[in-house]
Amino acid sequence: MLKVQISKGVDTQFNFVETAESFFSEGFSCEENFVGDVEVVGKIIDDGSNLKIVGKIYCRKKFLCDRCLIETEENQEHKFDEEIDESEIVDGLLDITELVRDTLIAAQPIKNLCKPDCKGLCPKCGQNLNQGECKCEKSTIDPRFEILLDFEAV
C-alpha cells in the first residue's frame, strides 16, 4: 500500500518505487503485463480549501503486438491529476494505491503495437510483413463476388 503523510496547509512531495504485483490482487489479468518496478512521483497540493494530487507513474509493460504477435516491451509514463475528498484521509495518511492501479489500467491502449507502423502478418501465409514481403497474391476477391468470375464478358 502506498500511503502519503499529509500535513494541513502544506504541499507534500512523494516518491514510491514498488513492484507491479503490489498494485494488483492475485489473479488480476493486468499484473503479468508489467515488468519490474513501478515508480510513482508527485505531490499533494493543499490550497487551503481543496486537496489535489498530481503526479506521474513510470513503468515497463510487456505485451504481444496485436498485429504481428511479436513479444514486445515498452516504457510507459502516465499522468494523474485528481481532487481528494478529505474523507479518504485516515489518521493523516492518504492511500494512493487504488489511484495508481486505476490510472495504470485506464491508460493502457486499446491496441498494443510493437511500433506505430507495424505491418502485421500476411492473412494467407502468416509471414511477418515487418521482416519482409511474402510471395502471396496481394489482390483478394470478396468471396460474395467470386461467382461473378464465372461469367464471360460479352
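Predicted model: local features only at pLDDT ≥ 70, side-chain atom pairs only at ≥ 80, totals over all residues.
User: What makes the pair of H78 and Q76 a polar contact?

Analyst: The contact runs from the side chain of H78 to the side chain of Q76 at 2.9 Å, and the cut-off for such a pair of N or O atoms is within 3.5 Å, so the pair is called a polar contact.

User: How many salt bridges does the whole structure hold, and what makes D81 and K52 one of them?

Analyst: A search of the whole structure gives five salt bridges. In the pair of D81 and K52, the closest N and O atoms are 3.5 Å apart, and because the limit is a nitrogen of Lys or Arg within 4 Å of a carboxyl oxygen of Asp or Glu, the pair is called a salt bridge.

User: Why are D81 and K52 given the class they have for accessibility?

Analyst: D81 has a relative accessibility of 46% and K52 has 30%; buried means under 20% and exposed over 50%, with partly exposed in between, so D81 counts as partly exposed, and K52 counts as partly exposed too.

User: How do you know that R60 and E73 form a salt bridge, and which strands does the pair link?

Analyst: The side chains of R60 and E73 meet at 2.8 Å, N to O, and the cut-off is within 4 Å, so the pair is a salt bridge. R60 is in strand 4 and E73 in strand 5, 13 residues apart, and the pair links distant parts of the chain. With 30% relative accessibility, R60 counts as partly exposed, and E73, at 36%, is partly exposed as well.

User: What makes D142 and R144 a salt bridge, and how exposed is each residue?

Analyst: Their side chains meet at 2.4 Å, N to O, and because the limit is within 4 Å, the pair is called a salt bridge. D142 has a relative accessible area of 27% and is partly exposed, whereas R144, at 66%, counts as exposed.

User: What is the phi of L69 and of D91, and where do these residues lie?

Analyst: Most residues other than glycine have a negative phi. L69, although not a glycine, has a positive phi of about 65°, and D91, also not a glycine, has a positive phi of about 55°. L69 lies in the loop between strand 4 and strand 5, while D91 lies in the loop between strand 6 and strand 7. The cut-off for exposed is over 50%, so L69, at 53%, is exposed, and D91, at 72%, counts as exposed.

Conventions:
Residues numbered from 1 in each chain as written. Heavy atoms only, no water. Polar contact = N/O pair within 3.5 Å; in protein donor to acceptor, adjacent residues only side chain to side chain. Helix = DSSP H or I, 4+ residues; strand = E, 2+ residues; numbered from the N terminus. Buried < 20%, exposed > 50% of the residue type's maximum accessible area, 1.4 Å probe, protein only.
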